[in-house]
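Look at the structure below and follow how side chains join one part of the chain to another. The text takes the links one kind at a time.

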Amino acid sequence: MDDNESFAGLSREQLIYAITVPLSTSIILANLVIILGIAWNRQLHNTPNYFFLSLLVADMCTGVALPFVPLMGLNRELSFSSCMVAHTFPNFLFLAFLFNLVMVHYERYICIVDPLHYNNLWMHRSFPLALLVVWLPPLLYACLPAFGWNNWTGPDWNGCCCASSQNVTLLSSCSTNGTTCCSYRRVFPNAFIYLEVYGLVLPAILTIAAMTGRVLWITRGQLKDICRLHRSVDRGSQASDQEQRLNLRYTRCVVAVSLTFLACWVPYLIYMHVCVAVLLSDTKWSSTTHIVLSCTGIGSMAVVPLVLGLVNKQYTEPAYKLLRKLRYRWRKTQASEEVAV
């Protein structure tokens, strides 16, 4: 590899770390705040919050793996085992995060749609089995390339660690060092990518969107019933101030949900379909574009549990109390110093 290729690879990695490290740190710290808030409040120690806690752990792991996701689009010189770990482990964490997110939405969806049978759900009766469902299938699917479903025995790929004008020398160097060209095309076959995107990821996102839309529709119907009963009691035909406040609150809820979906899911959907389109056309595309899209897509998707957690005051109350204590002590220290002066 010549100096220009080395500098280009280094600059791409620097760009990845410059984007992902601050985003990853923010995701990890925010998840830790919510996790500690649930751990300190014993009233939150119940099955629904345990599911949400599992989602937060998966989201925090996704934040840890976030810098490694854009690196999967770069060709690197790694051994077979290192290359498999570098690709399958972040994929496993991402799929586990998605499965946990679907489980949390499904649990809350049943709570609203069928509250009478909510406590009799199978996931409440056997919580360890539910955890196994959201963690084990992603692990098994992500490890399929390591079990043999890969393109590793195919031809060597150009534009990798062994690609330059001095082809023979570098090939022998790779073989003596026990390393080869590590590319996502060698780890993930096209069929594997299509199955994951259109068989797992996209149906999961559509399921979450459908459950959220159904909940909003049910809430709208309940709101209409409340307004109708309120008018029958007051014997009035015009909407009262309380009805207007309820309608305004519902409108704000719909706007918040819509903006959250647009901000968190649309960037990832764009990134996912652009990757599939490039894979179908079998053309090379700008590594900078891939880095920006992957960082934005995965990072925005990882914000979804944080939005669900930060809007709940019970989860963030311990952090607010701690901040108030620290601010009170700081003001007290400042006041004592001014008096001393």
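In this predicted model, Cys83 and Cys182 form a disulfide, with their sulfur atoms 2.0 Å apart. A disulfide is a covalent bond between the sulfur atoms of two cysteines. The angle about the S-S bond is 85°, and the link of Cys83 and Cys182 is right-handed. Are these two cysteines, Cys83 and Cys182, buried or exposed? Both are buried.

How many disulfides does the structure hold? The count is 1. Two further cysteines can be looked up by their surroundings. Cys111 has a relative accessibility of 34% and counts as partly exposed, whereas Cys295 is buried, with a relative accessible area of 1%.

Aromatic rings come next. A pair of aromatic rings is described by the distance of the centres and the angle of the planes. The structure has 11 aromatic pairs. One of them joins Trp149 and Phe192, whose ring centres are 5.4 Å apart and whose planes stand at 80°. Why is this pair called edge-to-face? An angle over 60 degrees counts as edge-to-face, and the planes of Trp149 and Phe192 are at 80°.

Trp149 belongs to the loop between α6 (127–142) and α7 (167–177), while Phe192 belongs to helix α9 (residues 190–234), so their pair ties together parts that are 43 residues apart in sequence. The two partners can also be described by their accessibility. Trp149 is partly exposed, at a relative accessible area of 32%; Phe192 is buried, at 1%. Both rings belong to one aromatic cluster, formed by Tyr141, Trp149, Phe188 and Phe192.

Lys321, at 42% relative accessibility, counts as partly exposed. Glu317 is partly exposed too, with a relative accessible area of 34%.

How values were computed:
Residues are numbered from 1 along each chain as its sequence is written. This is a predicted model: local features need pLDDT of at least 70, side-chain atom pairs count only at pLDDT 80 or more; totals for chains, interfaces and linings use all residues. Side-chain values use heavy atoms; hydrogens and water are left out. Rings of Phe, Tyr and Trp (its six-membered ring) pair if their centres lie within 6.5 Å; planes under 30 degrees apart count as stacked, over 60 as edge-to-face and the rest as tilted. Helices (H or I, at least four residues) and strands (E, at least two) are DSSP runs, numbered from the N terminus. Buried means under 20% relative accessible area, exposed over 50%, partly exposed in between (1.4 Å probe, protein chains only). A disulfide is a pair of cysteine sulfur atoms within 2.5 Å.
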